[in-house]
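Subject: Handing over a structure

Hi there,

I am passing a structure on to you, and it is shown just below. After it you will find my notes on what turned up.

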Amino acid sequence: MSCTRGRRGSRGGGRGRGGGRGQITPFVANHSSPNSDEDGDDEPNEQPQQTNVNMDASCSRTMELHPDTLWFDDGDVTRAITLSFQQYFNEPWRNWTETDKDTRQQWFNLFKRSFTWRPELEALVRRSFAIKAAKRLKDMHYDLTTKRGVCPLWMPEDVYEQLLKRCEEDEAFKKRSEQAKKNKRGGSLSNKVEPGHCQGSVSTNEYAKRMAKENGGILPKAADVYLRTHSKEEPGKGKQLVGSKAKQVMGEYDKKMAEYKDKGIDKDPNEVYFEAVGGRKKGLIPGLGSAGDLYYEKPSSRADKSSNTYTPSLLSQLSARLEQSQQQHESERAEWERQRAEWERERLEVEKERYQKEQAQQEEVRKISEYLVEMQKTMQGYSQMFSQCGGSFPFTHPRDPLILLEEEPHVLARLIG
């Protein structure tokens, strides 16, 4: 089968589920022997020649790998693994099992150009690299042979043709492929393929981290991550779950949560989700993928890879404690705000009573003042009347009532009393 190159093929499977933050533009591969170095470092003698487009900046700098900061669930790390494939791909490798040991080492050597890690993490990095690379290689093979239909610029044409030929001639592969197609369609090729998720190329682990960042560092509930990655906005309807599987999972989860609530049982929502999906299956939590390790303890043996025993991860326990601490803080703050509002209300009541009392006293003084002014006018009238009759009034010069009140306050007291 002839190989057609095109602009679309230049990406060549360079994006995967871990991507989403930038496009990988690969080097043109150096397809020399993986053991061509004189010092035995298993790296090519010549640096790969770059295409007319620069390599993505996120993979051109060296970063430190650590499980607590930057790890294999990150998009930059996934893209670096993809780039290592694209720099050295001289055989029609379909999966990790078919790949020889020297090629795996060569890919790892190319990968470690972009990252560093502590010596004590060497074994863990190699094991995590193998797991992620195996999945990425499988996804790339499907992308190259099934979806694209064109030879990418980074792959030799003869290798691409061999990949297609092997798919056509391998009866076991064709049988597995047909069965997988049926499984995706509910057992029949006539059925439509239901969408599995709505997260695009962003990993579930990355979604959980983003949601935790939005929530002040608290890890979101497992069901919340599943809901975010399996629902989309529909006009006039809001967020809607996609596919019957997602509806079944969330329906079972909501049902169990309601049952525990009716019984008065305070159940950990992460444990309820674990029950709703039936525990681990082949080492993974359905609907969460690698993000399941954030919530549930990793299986210690092969026998535990499919287990219904719920054991929260250390991170999940720490996040739960942090959430409880924040809730307690919020409760204490709310109580303090309530007390402060109560104190303010009491203060305003006291101020109101004092103001009303002062207003009442001022009103009494005003009335008494008016009364005394009227008395003064009356006494002046009596004085004039006695003068006209030839008599004399005892108070020829009556005193000002206001001055009298100031000099003799007991007069005011008698009037008020």
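Let me begin with a pair of helices: α6 passes α7 in a right-handed crossing. Please keep in mind throughout that this is a predicted model. Helix α6 covers residues 204-214, and its axis comes within 10 Å of the axis of α7, with a crossing angle of roughly 110°. Angles of 65 to 115 degrees count as roughly perpendicular, so that is the description for α6 and α7. On the α6 side, the contact is made by Thr204, Tyr207, Ala208, Met211 and Glu214, and these meet Asp224, Val225, Arg228 and Thr229 of α7. Sorted by class, this contact of α6 with α7 has 4 nonpolar, 2 polar and 3 charged residues.

Now a step back to the whole chain. The protein chain has 417 residues, and 35% of them count as buried. You will find 13 helices and 4 strands in it. Among the contacts with a separation of 6 or more, 61% are between residues 24 or more positions apart. The accessible surface of the chain is about 26000 Å², and carbon and sulfur atoms account for 50% of that.

Back to α7, which also packs against α8. How do these two helices run relative to each other, roughly parallel or roughly antiparallel? Helix α7 (residues 222-229) and helix α8 (residues 243-262) have axes that come within 11 Å and cross at roughly 155°. Angles over 145 degrees count as roughly antiparallel, and therefore α7 and α8 are roughly antiparallel to each other. Their crossing is left-handed. The residues in contact are Ala223, Tyr226 and Leu227 from α7, together with Lys245, Ala246, Val249, Met250 and Tyr253 from α8. In the contact of α7 with α8 there are 7 nonpolar residues, no polar ones and 1 charged.

Next along is α9, which packs with α8. The axes of α8 and α9 are 9 Å apart, at an angle of about 130°, so these two helices are oblique to each other. The crossing of α8 and α9 is right-handed. Helix α8 brings Val249, Glu252, Tyr253, Lys256, Met257 and Tyr260 to this contact, and α9 brings Pro269, Val272, Tyr273, Glu275 and Ala276. The contact of α8 with α9 divides into 8 nonpolar, no polar and 3 charged residues.

Is Val77 buried or exposed? Its relative accessibility is 0%, so Val77 counts as buried. Beyond its neighbours within four places in sequence, Val77 is in contact with Leu65, Leu70, Trp71, Phe72, Phe111 and Phe115. Lys132 is 55 residues from Val77 along the chain, and the C-alpha atoms of the two are separated by 9.5 Å.

Happy browsing, and do write back with any questions.

Best wishes

Terms used. Residues are numbered from 1 along each chain as its sequence is written. This is a predicted model: local features need pLDDT of at least 70, side-chain atom pairs count only at pLDDT 80 or more; totals for chains, interfaces and linings use all residues. Side-chain values use heavy atoms; hydrogens and water are left out. Buried means under 20% relative accessible area, exposed over 50%, partly exposed in between (1.4 Å probe, protein chains only). Contact means heavy atoms within 4.5 Å. Accessible areas come from the Shrake-Rupley method with a 1.4 Å probe; for residues, only the protein chains shown count as cover. Axes are lines fitted to C-alpha atoms, for helices over the stretch in contact, and angles run from 0 to 180 degrees between N-to-C directions. Angles under 35 degrees count as roughly parallel, over 145 as roughly antiparallel, 65 to 115 as roughly perpendicular and the rest as oblique. A crossing is left-handed if the near helix is turned anticlockwise from the far one by less than a right angle, and right-handed if clockwise. Ala, Val, Leu, Ile, Met, Phe, Trp, Tyr, Cys and Pro count as nonpolar, Asp, Glu, Lys and Arg as charged, and the others, Gly among them, as polar.
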